[in-house]
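Me: I would like a close look at one part of this model. Please keep it brisk.

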Amino acid sequence: MKRPLRAFTPLAALLLVFGACAAPRQAAPTATVPGTAAASATPNFEGKTLNIVTGGTGGVYIVYGAGLADLLNKKLKVAASPQSTTASVDNMKLIRDGKADLAFVLADTAYDAVNGKGSFATEAKADAKSLAVLYSNFTHVIVRDDSAIKTIADLKGKRVSMGAAGSGTEIIGNRTLEAYGLDPAKDIQRERLGVADSASGLKDNKIDAFFWSGGLPTAAVTDLASTTKIRVLEQTDGIKKMADKYGPFYFNATIPKGTYGLAADVTVSGVANLLVVNSKFDAAFAQAIVRTMFDSVSELGTIHAEGKNLKLETAVNGSPLDYHQGAIDFYKSKGVWTK
């Protein structure tokens, strides 16, 4: 499916991450068109604040989000800042509660959030819409190469990190275990660590395996593989079971041979990544953000290899959420909106 990719994280993007406040801020007010209300007026968003919620250290969201903030600051003259979070579940809550403007989120979590399912069954629903499908996440289930664990079923009784609490990784991990006949609440010794801490735990033999849902390559996994030979467990048998039970969010994806030093291609479950906003987000501002991203794909690709996968033909397909009107207006202008 995909080819091995190399990640490159410019210093500017990293500085944005480390300079960001750990706790998300109140969302920015919507932008307005300066001057008269004439249809020909050009939107001006200079100085508008924009809070972008991303993910944890060592993952792709945090790098991509920092790069996106930097890009929007330069091109639109806004005051965008990336915020580190535990990712998808919490990001949808922040969008719902008006404490974030843009959010990186997995498609399955986004669907649950707007429909009151899964983690949101006892929570208020989120009123959110998509701007774009960005790229695909790959479900990594990682063990040391010398481990006796050969299949997902072999995780029974083992020390397994399922991802940080409030992450999309944890949701996918639970559903993956279920697909292989394991009870995620009883059949493993659960840890809830982010990808960086999971990688450190596996390296130090404090855990036996960990789940991670992320793009290719993920920096924390690359770093782990540079010192510890690893394997990624095959998931072919479970993917259809997950899709049948939870919805068509899960598809066969391939982590190519050579990625993380792997000896062969590995089939895992893939899930689309979305960029979402609250439904009430200003349409002109949303259109300007999407336009800026597509005008700057080469620059996004220098932030992380997954930035190169932003394409018009794929951005409009695969979202379980309706698209925001500002995004629709942009896609219509490019002739790719056919819905």
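At what angle do helix α4 and helix α5 pack, and how far apart are their axes?

Reply: This is a predicted model. Helix α4 covers residues 107-115, and helix α5 covers residues 168-179. They pack at an angle of about 95 degrees. Their axes lie 9 Å apart. Angles of 65 to 115 degrees count as roughly perpendicular, and α4 and α5 are therefore roughly perpendicular to each other.

Now the residues. From α4, the contact takes D108, T109 and D112. From α5, it takes G168, I171, I172 and R175. By class, the contact of α4 with α5 holds three charged residues, two polar and two nonpolar.

The largest pocket holds about 340 Å³ of space. Its lining has 29 residues. Nearest the centre lie G56, T86, G194, V195 and W212. The lining residues of this pocket divide into 16 polar, eleven nonpolar and two charged.

Last, the setting. The protein chain has 339 residues, and 55% of them are buried. It contains twelve helices and ten strands. Take the contacts in the chain between residues at least 6 apart in sequence: 77% of these join residues at least 24 apart.

How values were computed
Residues are numbered from 1 along each chain as its sequence is written. This is a predicted model: local features need pLDDT of at least 70, side-chain atom pairs count only at pLDDT 80 or more; totals for chains, interfaces and linings use all residues. Side-chain values use heavy atoms; hydrogens and water are left out. Axes are lines fitted to C-alpha atoms, for helices over the stretch in contact, and angles run from 0 to 180 degrees between N-to-C directions. Helices (H or I, at least four residues) and strands (E, at least two) are DSSP runs, numbered from the N terminus. Angles under 35 degrees count as roughly parallel, over 145 as roughly antiparallel, 65 to 115 as roughly perpendicular and the rest as oblique. Contact means heavy atoms within 4.5 Å. Ala, Val, Leu, Ile, Met, Phe, Trp, Tyr, Cys and Pro count as nonpolar, Asp, Glu, Lys and Arg as charged, and the others, Gly among them, as polar. On a 1 Å grid over the protein atoms alone, a cavity is a set of points where a 1.4 Å probe fits but cannot get out, and a pocket is an open set with protein on both sides within 12 Å along at least five of seven lines; lining residues have an atom within 4 Å of a point. Grid points are joined across faces, edges and corners, and a volume is the space filled by probe spheres set on the points. Buried means under 20% relative accessible area, exposed over 50%, partly exposed in between (1.4 Å probe, protein chains only).
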